[in-house]
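Please read the following points beside the sequence and the model.

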Amino acid sequence: MSGATNREAVFPTRQSLGLMKSKLKGAQTGHDLLKRKNVSEVIYHYPVVQILSSHATTEITRRIDEAKRKMGRVMQIAAFSLAEVTYAVGGDIGYQVQESAKSARFRVRTKQENVSGVFLPAFESYTTDGNNDFGLTGLGKGGQQVQRCRETYARAVETLVELASLQTAFVILDEVIKVVNRRVNAIEHVIIPRTENTIKYINSELDELDREEFFRLKKVQNKKQRDTAAQDAEMRLKLAAAEKAEAASGATSSDKENEAGTGDILGESEDADVIF
Amino acid sequence: MEGLFFNVNNGYIEGIVRGYRNGLLTGQNYNNLTQCETIDDLKLQLGPAYGDFLASLPPNPSTSTLAEKTTDKLIAEFRYVRANAVGALAKFMDYLTYGYMIDNVALLITGTLHERDTRELLERCHPLGWFETMPVLCVATNIEELYNSVLIETPLAPYFKGSLSHQDLDELNIEIVRNTLYKNYLEDFNNFVNTDPDMAGTPTAEVMTEILEFEADRRAINITLNSFGTDLSKSDRKKLYPSFGRLYPEGSYMLSRAEDVEGVRLAVEGVSDYKTYFDAAGMGQSSAGAGNMSGGSGGDGKSLEDLFYQKEMEISKSAFTRQFSFAIVYAWVKLREQEIRNITWIAECIAQNQKERIGNYISVF
Amino acid sequence: MAAPASAYKDRQFLAVIGDEDSVTGLLLAGIGHVTPPPDSQKNFLVVDSKTENAAIEEAFNRFTTERKDIGILLINQHIAERIRHRVDTYTAAFPALLEIPSKDHPYDPERDSVLRRVRRLFGE
């Protein structure tokens, strides 16, 4: 059989044929669906990604560049506010800040959003109350600048968190699209042909079985006919023998009418046989 | 009368320091600096004033290394002056370094608390605040040891005594420790210039009292303003106010009770200078509070701290109008520090392309 | 496709590998966190010219693989450059890796590993 190497190992039964048929149908529907679920569709469902979505690839990269450049600007402003602190405090506060960091005031919450079957992550920033490691930094001088710098950096970090969401969405999207493409290809080039092959195989096997069955039935019928014919002949012989015996014994006692009667019956039956 | 014997011991120093003062960058110099396009240009412009010290810098140095090198020059000059100083002036200059020592000690305490490598800490210390026993700090591994064996040996020991125990170092915020020390230091310094037989009643005492009083007031006001919204209680805050200055005692008392910027403004109303600053900085009228919140982008007006710096520079500048005074050494160091800050600021503006704010430096010459 | 909830639900901190100024600023924003003693792990690393690449790499591994409470890892671009091979091969979604500019090194989109992937994704 030609498809023997590329089919599933099933017994060619009607039940597995039904199974294969529904499998093929499923694969085809899945294929159509997956093909439609391309990048843009996922993108359009996701608000953050939406900002960046566009069919023109240059446009997309331009927007991402823009988002990243915005980060560049925000970070620059933040860095500058740190320079202000250095100016106002008149020294380096870096070490002190590093040492007095204890508990994060600024944290993120991570969640996933289901977008047409793809889970895209989203970070959400929040600040915990009562955590103020640097409240007293620059108490003697520069405190106002320190506070301002903290606010500027907090805003900058918020931007960073937003960007991180966006970026992770792309990373995952990248992954998803690869997987989807792999699946589409697999379905198109492996699963569908293979299922079709299997169906073909099962069909041909079943046909073969049908033919065998028919032949076998015929054989059985023939044999049965032969057997019947043989039995009939035997019966006739027996009957004939019996008649002869009867005639031999009954000729002395019975009259001619009886003889004619039986002879008529036999004659009729013989006629019928000829017709048959 | 006081000038009669001044020059016997201190005339040379005074001459040197006045010479240094003439070497400070002028408004014209600053103007040239702000025109620079790159740090290299800036370096070139600083050439005449800083020459040798900047020579070893790589092309396009970072602003922090630039600041480091300019500080090196101040330190070299300070050490030279200190080496030539005798008697009361030598002591006066030691007092000058205590302020930096406080910062260093605060740094070391922080480091020891977190079990950092003390050698690394020593590198970060301000060279002016270097004291002989400082390397010994490397031996101390916990705060109690640090307190009992090292801090006691430093010139700062009296400032610890009575107000801070070794438990305090462990528990209190390092900023409170620092400001407590600073308060004690200012009080001691003030006491020193007014009672030392060589200085009491001389122009030194006069000028230094003005400077120190201003410094004390500035700290009191800043501490009050910066403590809003933090967990520093009013009674703790009160302990950080130096017990002299133009605001002391009524103003300090009112400061200690102030709950918002308005309260501070009321407290300083008695001193017209500070009141003017508050009005100029636009504080006290609205609830906008501490400066603009636009975070580095806005702010054409000067902040209160800028105005304080400005005032400090003016006091320092006018210190040079008096003769036979140690105060010029103090004033010179302060002017020089401001100059370093200015250079760093300008360099930062150039490096980060924030030219619109480049004019925020303070120049008094 | 969904990562199990355990993969992200505890991720609440940001971590940073950067130069002194960047770290100071971000710590001022309040992202700094030190886990309780005895291990006292910090979520930030200050890199200067003396820091060895191995130390950076180790911190990178610690923040990306070992610790499960980091949601976003920020790294200065010029430092990422020093361990570029590690950064480029990092593909996990959590923690998110974000290259940020530093004061002395403006942001260069051409080098950003994620941006490069994004471009590839859209067929450039």
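1. A residue is called buried when its relative accessible area is under 20%, exposed when over 50%, and partly exposed in between, with a 1.4 Å probe and protein chains only. By that rule, 59% of the 124 residues of chain C count as buried, while for chain B the share is 55% of 365 residues.

2. On the basis of the model: this is a predicted structure, in which local features need a pLDDT of at least 70 and side-chain atom pairs count only at pLDDT 80 or more, whereas totals for chains, interfaces and linings use all residues. Residues are numbered from 1 along each chain as its sequence is written, chains are lettered from A and ligands numbered from 1 in the order in which they are written, and side-chain values use heavy atoms, with hydrogens and water left out.

3. On secondary structure, helices (H or I, at least four residues) and strands (E, at least two) are DSSP runs, numbered from the N terminus. Chain B has 17 helices and zero strands, whereas chain C has five helices and four strands, which follow one another along the sequence as β-α-β-α-β-α-α-β-α.

4. On overall dimensions, the radius of gyration is taken over C-alpha atoms, and the globule rule is 2.2 Å times the number of residues to the power 0.38. For the 365 residues of chain B a compact globule would have a radius near 21 Å, and the value for chain B, 21 Å, agrees with this; the C-alpha trace of chain B spans about 50 × 50 × 50 Å along its principal axes.

5. On surface and contacts, accessible areas come from the Shrake-Rupley method with a 1.4 Å probe, and for residues only the protein chains shown count as cover. Chain B exposes about 15,500 Å², with 50% supplied by carbon and sulfur atoms, and chain C has an accessible surface of about 5,000 Å², with 52% belonging to carbon and sulfur atoms. A contact means heavy atoms within 4.5 Å; among contacts between residues at least 6 apart in sequence, 64% in chain B join residues at least 24 apart, and in chain C the figure is 66%.

6. The term is used here for a side-chain nitrogen of Lys or Arg within 4 Å of a carboxyl oxygen of Asp or Glu, and a search of the whole structure finds 34 of them over all chains.

7. Which parts of chain B does the pair of Glu312(B) and Arg218(B) tie together? The two side chains meet in a salt bridge of 3.3 Å, N to O. Glu312(B) lies in helix α16 (residues 304–319) and Arg218(B) in helix α11 (residues 203–227), so the pair ties together parts that are 94 residues apart in sequence. Glu312(B) and Arg218(B) are both buried.

8. A further salt bridge joins Asp273(B) and Arg246(B), whose closest N and O atoms are 3.5 Å apart. This pair links distant parts of the chain, 27 residues apart, with Asp273(B) in helix α15 (residues 272–280) and Arg246(B) in the loop between α12 (234–239) and α13 (250–257). Asp273(B) is partly exposed at a relative accessible area of 23%, and Arg246(B) is partly exposed at 42%.

9. Lys73(B), Glu77(B), Arg336(B) and Glu339(B) form a network of salt bridges. Glu339(B) lies in helix α17 (residues 327–351) of chain B and is buried, because its relative accessible area is 3%. Apart from neighbours within four places in sequence, Glu339(B) is in contact with Leu24(B), Leu25(B), Tyr30(B) and Tyr50(B).

10. Met208(B) is in helix α11 of chain B and counts as buried at 0% relative accessibility; its contacts beyond four places in sequence include Phe92(B), Phe189(B) and Tyr330(B). Ala80(C), in helix α3 (residues 77–80) of chain C, also counts as buried at 0%, and beyond four places in sequence Ala80(C) is in contact with Ile75(C), Val87(C) and Glu99(C).
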